[in-house]
Amino acid sequence: MLKTLLLLPLFGAALISLLPSRRVDLLRYLASIVAALTMLCAFLMLLDFDTASSAIQFFETRPWNPRVGSSLALGVDGISMAMLLLATVLCFVAILSSTAVRNGAKLHFSLILVLETSLLVVFAARDWSLFYVAWELTLIPLFFLIDRLGGANRHRAALNFVLYTLGGSVFMLIALLLLYDVAPEHSFAMADMAAGSAQLPERTQILVFLGLLLGFGVKMPIVPLHGWLPLAHVEATSPISILLSGILLKMGAYGLIRAAWTLPAAVQALQDWLALLALVSIVYGAVLAWRQTDLKAMIAYSSISHMGIVLLGIAALNEAGLNGAVTQMVAHGLAGGLLFLLIGLLYERTHRRDLAAYGSLNRIAPRFALFIVLTLLASVGLPGSAGFIAELQVLIGAYGRWGGWLVVVSIGVLISAAYALRAIRCLSTGPERPFGGAAAGVATFADLNRAETATAGLLAAGIVIIGFYPAPLLGLMASSVARLAQQFGA
C-alpha cells in the first residue's frame, strides 16, 4: 500500500507526459483522478494504521547502495501519517483549483504530481540518504513551476528559492555525513544514526544539530532564514502557493522533529535558544503581515508567525508542546491552503490583490465572504477551529518550561488578530468596488461556483472538524509523540 501511494503520482505524471498539450481539460481530469486515487490510498492506509503502537508501520527496506550503507527504507509512524494525509489532500486541492491554467498545463500538472511523490517520500523515508535525495528532488519541479508559470518576477523568485534551500542543504548534508561516520557499520538508517549520535560529545552533537537546523530552518522558515518566502508566494500561481504554504513549510518542521529524535542531547542544550527564535518569528512575522496591503504577501508573512508556533511547540520537548506543534502543522496547512485558494480565485476574477480594491463581498459574493471570514478567524486561533486546539497545546507545553515569558506570544496573537480583522473589514464591509470598468454597486465578478465551493468546503470542513473534535488526530500521533517526549524525560 505504501509503495502504491508513493508511485501512483509518478505513474500519473508519466501518463500526462504522453498526452497532447492542447487537450487541457483532459490533462486536468486525469491529474485530478490520479490525485484523488492517491488521497484515497492514504486514507485506506489510515484504516490499517495501529494508533496504539509507536513502532514504524508498513516498514520495508531494500538495499540501495550497500557499499555506503544506504537503503530504500520506508515506513510511517503517527507523525508522518498525519503529514502524508495532509500532503495528499492539498495536492488534490491544488490540482482541482488549477482551472485557470491553460498555457503550460501539461508541464503544470505533471510537475505537481512529481512534486507529490517527492513530498510523500520525504515523509515516509526511514533512511537519511533517501530523505535527503527526496528533499532535494522537491526543488526541481518547484523551480520550474515558479520560473515557467509564475508572475512578472518569477525568475528572481525561483532563483531565490533554490539558492536559499540549496544553501541550507549544504549544511544539512555535512551534518548527516558527520552522523554517518559514527553510525554502527556506517549506515544511513535513521535508527542507526540516532544510536551512533549518542557516542558523540555534547558539543559535537550541538554542531551537528545546528547544521540540520540551518537546512530545515530555511524551509520552515525561521527568522532570519525567511528571505525567499514572500517573493516566492507572490510570484507563484495560486495552486503552487497552496502547496508552498500548506505542505512545503511543513517539510522543514517535520525534518526538525526527526533531527530532535536523532540528537536529543543537542536539542535539550539549545532548548532556550530555539524558544527565542520561535518568539522572534511569531512577533516579527505578525508585524510584517500587519504592514502588508497585498493579500498574498500578508498571508505569506503570516506563515512565518504560524510556523513560529510550531517551533515553540517543538522546543518545549514535552507531550503537550509536541502534540501542539504537529496539530499546528496540520491546522496551518489547511488554513493557509484555503486562504491561498480563495485569494487566487479572487485574483482570477479581478486581477487585483490589494486590500483597498475590495468591499462588501458579503453582498456581491457571499460564499467568498463566508469562507474568507471563517479562514481568517481560524488562522488566528478562533475557538472551534483547528488552530485554537494547536495553539492551546503549545501554550500549555511551553508554559511549563518558560512560564511568564510566553507573554511575548500574546503580542504576536494580538497583532495577528489586528491584521485578520482589518482584512475582514476591508473585504466584507465598505462600499462595493467596481471591476473591469463597471459601475460601483454592480456585482462584476462571479461568486464561487459549485466545484470551487466544494473544494473550499473540503479544507474548511477539516478546520472545523479538528476544532470541534480533535480526538482522532491527537489519537493518531499520541503514541509516536509520547515515545519522542520520553527521550527528553518528559
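Biologist: Why is arginine 401 called partly exposed in this predicted model?
Modeller: Its relative accessibility is 37%.

Biologist: What makes arginine 401 and aspartate 272 a salt bridge?
Modeller: Their closest N and O atoms are 3.1 Å apart, and the cut-off is 4 Å, so the pair counts. Aspartate 272 lies in helix 13 (residues 271-290) and arginine 401 in helix 18 (residues 386-402), so the bridge ties together parts 129 residues apart in sequence. Aspartate 272 is also partly exposed, at 40%.

Biologist: Why is aspartate 77 called buried?
Modeller: Buried means under 20% relative accessible area. Aspartate 77 has 6%, so the term applies. Its salt-bridge partner is arginine 258, at 2.8 Å from N to O. The aspartate sits in the loop between strand 2 (70-76) and helix 3, the arginine in helix 11 (residues 238-262), so the link spans 181 residues of sequence. Arginine 258, at 5%, is buried by the same cut-off.

Biologist: How do you know that arginine 367 and aspartate 447 form a salt bridge?
Modeller: The N to O distance is 3.9 Å. That is within 4 Å, so the pair qualifies. Arginine 367 is partly exposed at 39%, whereas aspartate 447 is buried at 14%.

Biologist: What makes the lining of the largest pocket nonpolar or charged?
Modeller: The lining residues divide into 17 nonpolar, 1 polar and no charged. Helix 20 gives the largest share, 6 residues.

Definitions and conventions: Residues numbered from 1 in each chain as written. Predicted model: local features only at pLDDT ≥ 70, side-chain atom pairs only at ≥ 80, totals over all residues. Heavy atoms only, no water. Helix = DSSP H or I, 4+ residues; strand = E, 2+ residues; numbered from the N terminus. Nonpolar A, V, L, I, M, F, W, Y, C, P; charged D, E, K, R; others polar. Salt bridge = Lys/Arg side-chain N within 4 Å of Asp/Glu carboxyl O. Buried < 20%, exposed > 50% of the residue type's maximum accessible area, 1.4 Å probe, protein only.
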